[in-house]
Amino acid sequence: MNTVRSSNLTWDKTKANNGLVVTVERNRHIAASADRVFATLSDPQTLAGLLPRVKKVEVLHRGASSARVATHMAMGPFATIRSEGDVRWKQDQEVVFTSRHPVTVESHWSFVPEGKGTDLRVKLTIDLAPMLGPLAAMVPADQVASMIGPDLDQALSALARRLEGSRVRG
């Protein structure tokens, strides 16, 4: 895997099966407890309010530690794609969303209590080969990463605004 850094953008890229796999990571300290962060992230309906491209979420099935969901993601001004996937969670530790079609995506949200807040890390891995086939090998990894990075930054900012803005001030 090659690690690439460009200003504040860091990503890993690999070529696999004539395709392209890109992983982008972001971190942020949230001034809220791990249980509040977990409660927000483990509710699949909140994805539409946090992730910029996710316009709608349908919960198809929900269990004690997982859910099957369908997301509707904006891909440019005129296209929206529907993607089914699974959300799994471990209480106050992590939330993982995985989708296989039409594009393979895994976003892993892990959090650790730190002082009176929570250190949150998100790692998103996307494999373009299932959607683009052999054309994925021609897609510049830095362009994919430069689209994903700002979306993750916006999601972390939206989460911080939601949780820090609703704190009881004393």
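A residue is called buried here when its relative accessible area is under 20%, exposed when that value is over 50%, and partly exposed in between, using a 1.4 Å probe and protein chains only. By this scale, Phe38 and Phe111 are both buried. The model is predicted, so local features need pLDDT of at least 70 and side-chain atom pairs count only at pLDDT 80 or more, while totals for chains, interfaces and linings use all residues. Residues are numbered from 1 along each chain as its sequence is written, and side-chain values use heavy atoms, with hydrogens and water left out.

The two phenylalanines bring us to the aromatic rings. The structure holds 1 aromatic pair, where rings of Phe, Tyr and Trp (its six-membered ring) pair if their centres lie within 6.5 Å, with planes under 30 degrees apart counted as stacked, over 60 as edge-to-face and the rest as tilted. The ring centres of Phe38 and Phe111 are 6.3 Å apart and the planes meet at 55°, so this pair is tilted. Because Phe38 sits in helix H1 (residues 34-41) and Phe111 in strand E8 (residues 104-114), the pair ties together parts that are 73 residues apart in sequence. Helices (H or I, at least four residues) and strands (E, at least two) are DSSP runs, numbered from the N terminus.

Two serines are also worth a look. Ser99 belongs to strand E7 (residues 94-101) and is buried, with a relative accessible area of 2%. Its side chain makes a polar contact with the side chain of Ser83 at 2.3 Å; such a contact is a pair of N or O atoms within 3.5 Å, where within protein one must be able to donate a hydrogen and the other to accept it, and residues adjacent in sequence count only if both atoms are side-chain atoms. Leaving aside residues up to four places away in sequence, Ser99 touches Ser83, Glu84, Gly85, Thr104 and Val105, with contact taken as heavy atoms within 4.5 Å. Ser146, by comparison, is found in helix H4 and counts as partly exposed, at 37% relative accessibility. Between Ser146 and Val24 there are 9.2 Å in space, C-alpha to C-alpha, although the two are 122 residues apart in sequence.
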